[in-house]
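Subject: A structure for you to explore

Hi there,

Here is the structure I promised to pass on. Have a look at it first, and then read my notes below.

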Amino acid sequence: MECKSESFWYRALPLSIASMLATQGLVYKGILSPSKRFGSIPKVALAGVLGFVVGKISYVGACRQKFQNAGFPPFGTAFPYGFRNFPFGRPHHGCDHHHDKDRPHGCPNHCKKSQQTTPPTNPADISSQDS
């Protein structure tokens with residue numbers, strides 16, 4: 001609830017109002033043309049909605065930090081390796097990488113240590129594997 005309230009009052013509402021005022025100013029100066037039927041209302045409303053959405057999205061990082069400071073694990077650590085780089089990366093299929101036969105060891109480092117096919121869900125386990 002705190003994240004919702006703060007994102008509304010500190011980001012979404014101010015950005016929405018500022019974008020609406022800027023758009024109305026641009027219409028008033030003639031840089032943007034008003035609609036013949038509705039005047040400046042559609043452009044100002046669209047600017048308000050976009051400002052609101054951008055304001056809400058811009059607060060996601062601060063909200064994530066609040067959850068981490070409260071003791072919750074970081075978001076996204078429960079997903080398997082194949083989904084971390086989606087849609088750009090190749091999915092992780094364990095240690096039988098047929099495309100890596102030319103590599104000196106043929107297997108990525110994260111597979112050699114424990115020969116596991118699923119990553120640990122605890123962030124402390126991930127850091128202990130790397131050391």
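Let's begin with Thr-23, which sits in helix 1, the stretch covering residues 2-29. Please keep in mind throughout that this is a predicted model. Is Thr-23 buried or exposed? Its relative accessibility is 11%, and buried means under 20%, so Thr-23 counts as buried. Which residues does Thr-23 touch, if we leave out those up to four places away in sequence? They are Leu-32, Lys-43, Val-44 and Ala-47.

Now compare that with Val-53, a residue of helix 2, which spans residues 41-58. Val-53 has a relative accessible area of 39%.

Next, the disulfide. A disulfide is a covalent bond between the sulfur atoms of two cysteines. How many does the structure hold? There is 1 disulfide, and it joins Cys-3 to Cys-63, with an S to S distance of 1.9 Å. This pair links distant parts of the chain: Cys-3 is in helix 1, while Cys-63 is in helix 3, made of residues 60-69, and the two cysteines are 60 residues apart. The link between Cys-3 and Cys-63 is right-handed, with 130° about the S-S bond. Both Cys-3 and Cys-63 are buried.

Finally, step back to the whole protein. Its secondary structure comes to 6 helices and 0 strands, so you can read the pattern along the sequence as α-α-α-α-α-α. The protein has 131 residues, and 19% of them are buried. What share of the contacts with a separation of 6 or more comes from residues 24 or more positions apart? In this protein, the share is 48%. The accessible surface comes to about 9900 Å², and carbon and sulfur atoms account for 63% of that surface.

Happy exploring!

Note on methods:
Residues are numbered from 1 along each chain as its sequence is written. This is a predicted model: local features need pLDDT of at least 70, side-chain atom pairs count only at pLDDT 80 or more; totals for chains, interfaces and linings use all residues. Side-chain values use heavy atoms; hydrogens and water are left out. Helices (H or I, at least four residues) and strands (E, at least two) are DSSP runs, numbered from the N terminus. Buried means under 20% relative accessible area, exposed over 50%, partly exposed in between (1.4 Å probe, protein chains only). Contact means heavy atoms within 4.5 Å. Accessible areas come from the Shrake-Rupley method with a 1.4 Å probe; for residues, only the protein chains shown count as cover. A disulfide is a pair of cysteine sulfur atoms within 2.5 Å.
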